[in-house]
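The following note is meant for a colleague who is meeting this structure for the first time. Please read the numbered points alongside the sequence and the model.

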Amino acid sequence: NRGRATQYAKLFPALVQDWRTLFGKELAFYAVQIAPFGYGGDKGETGALREAQRSILALPRTGLVSTLDLGDPRDIHPKNKLEVGERLGRMALVDLYGWQQQMRAGPEPIECVRKLDTVAIRFANATGGLKALKVPLAGFEGRTADGKWWPVEAEILGDEVSLHAALPTPMQAVRYAW
């Protein structure tokens, strides 16, 4: 499906709605984004598919778990299934059973702010700050006014990721794992 993100963005929510119709109720639906496997020759198809998977979030009672921090670029089926299951379980406990004593999901970007020559991405659900599994942080890119994407340096500062690079023009947009 990696090369068919546009189709996936239409079919994934349609699948959820079809199952709900067949079962006659608005079932909760939780999914896991594709793992960060190192597909050879990837020109953004994997990032586009992850974005397409987010299409179900427009529907009520849905959730999507990211595994970008859990995967292994050399193994298409990451071994850390327990953490994936725990993330799905936390979503269900909060959404379906009203548990308030835990976070529904892991860190989620909520704001992107330009600060002079840097861009700061602030995250919700980052109690105690973000934690890097790999240093230096990799996979962040900034887009300049000419539409070109450039790798940028990233640094964790509490509940923010600060992006900076010596680019020909200021960043107009940022992306991760694309």
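**Notes on the structure**

1. Tyr8, Phe12, Trp19 and Phe29 form one aromatic cluster. Rings of Phe, Tyr and Trp (for Trp, its six-membered ring) are paired if their centres lie within 6.5 Å; planes under 30 degrees apart count as stacked, those over 60 as edge-to-face, and the rest as tilted.

2. On the basis of the notes: this is a predicted model, in which local features need pLDDT of at least 70 and side-chain atom pairs count only at pLDDT 80 or more, whereas totals for chains, interfaces and linings use all residues. Residues are numbered from 1 along each chain as its sequence is written, and side-chain values use heavy atoms, with hydrogens and water left out.

3. On the aromatic pairs: a search of the whole structure finds 5 of them. One is formed by Phe12 and Phe29, whose ring centres are 5.9 Å apart and whose planes meet at 75 degrees, so the pair is edge-to-face. This pair links distant parts of the chain, since Phe12 belongs to helix α1 and Phe29 to strand β1, 17 residues apart. Helices (H or I, at least four residues) and strands (E, at least two) are DSSP runs, numbered from the N terminus. Both Phe12 and Phe29 are buried; the term means under 20% relative accessible area, while exposed means over 50% and partly exposed lies in between (1.4 Å probe, protein chains only).

4. A further aromatic pair joins Phe37 and Tyr39: with ring centres 5.0 Å apart and planes at 80 degrees, it is edge-to-face. Phe37 is partly exposed, at a relative accessible area of 25%, and Tyr39 is partly exposed at 23%.

5. Within α1, Ala5, Tyr8, Phe12, Pro13, Val16 and Arg20 are buried. The cover over these buried residues includes β1 (29-32), α2 (45-53) and β2, where contact means heavy atoms within 4.5 Å. Just after α1, Gly24 takes a positive phi of about 70 degrees.

6. How is strand β8 placed among its partners? Strand β4 (residues 118-124) is joined to β8 by 5 bridges and runs antiparallel to it; Thr118 has His164 as its bridge partner in β8. Strand β7 (residues 153-157) also pairs with β8 in the antiparallel sense, over 5 bridges, and here Ala154 has Leu163 as its bridge partner. Two strands count as paired if DSSP finds at least two bridges between them. In the hairpin of β7 and β8, with 2 residues between the strands, Gly158 takes a positive phi near 65 degrees. Of the 5 residues of β8 (residues 160-164), 4 are buried, so the strand is largely enclosed by the rest of the structure.

7. On charged pairs: the structure holds 9 salt bridges, each being a side-chain nitrogen of Lys or Arg within 4 Å of a carboxyl oxygen of Asp or Glu. One of them joins Lys115 and Glu160, with the closest N and O atoms 3.4 Å apart. Lys115 lies in strand β3 (residues 108-115) and Glu160 in strand β8, so the pair ties together parts that are 45 residues apart in sequence. Lys115 is partly exposed, with a relative accessible area of 39%, whereas Glu160 is buried, at 17%.

8. Glu83 takes part in salt bridges with Arg87, at 3.0 Å between the closest N and O atoms, and with Arg90, at 3.7 Å. Glu83 and Arg87 are 4 residues apart in helix α3 (residues 81-97), and so about one helical turn separates them. Arg87 is buried, with a relative accessible area of 15%; Arg90 is partly exposed, at 21%. Elsewhere, Arg2, Asp42 and Glu45 are linked in a network of salt bridges.

9. Asp75 is found in the loop between β2 (62-65) and α3, and is buried, with a relative accessible area of 18%. The side chain of Asp75 reaches the backbone nitrogen of His77 at 3.0 Å and makes a polar contact of 2.7 Å with the side chain of Lys79. A polar contact is a pair of N or O atoms within 3.5 Å; within protein, one must be able to donate a hydrogen and the other to accept it, and residues adjacent in sequence count only if both atoms are side-chain atoms.
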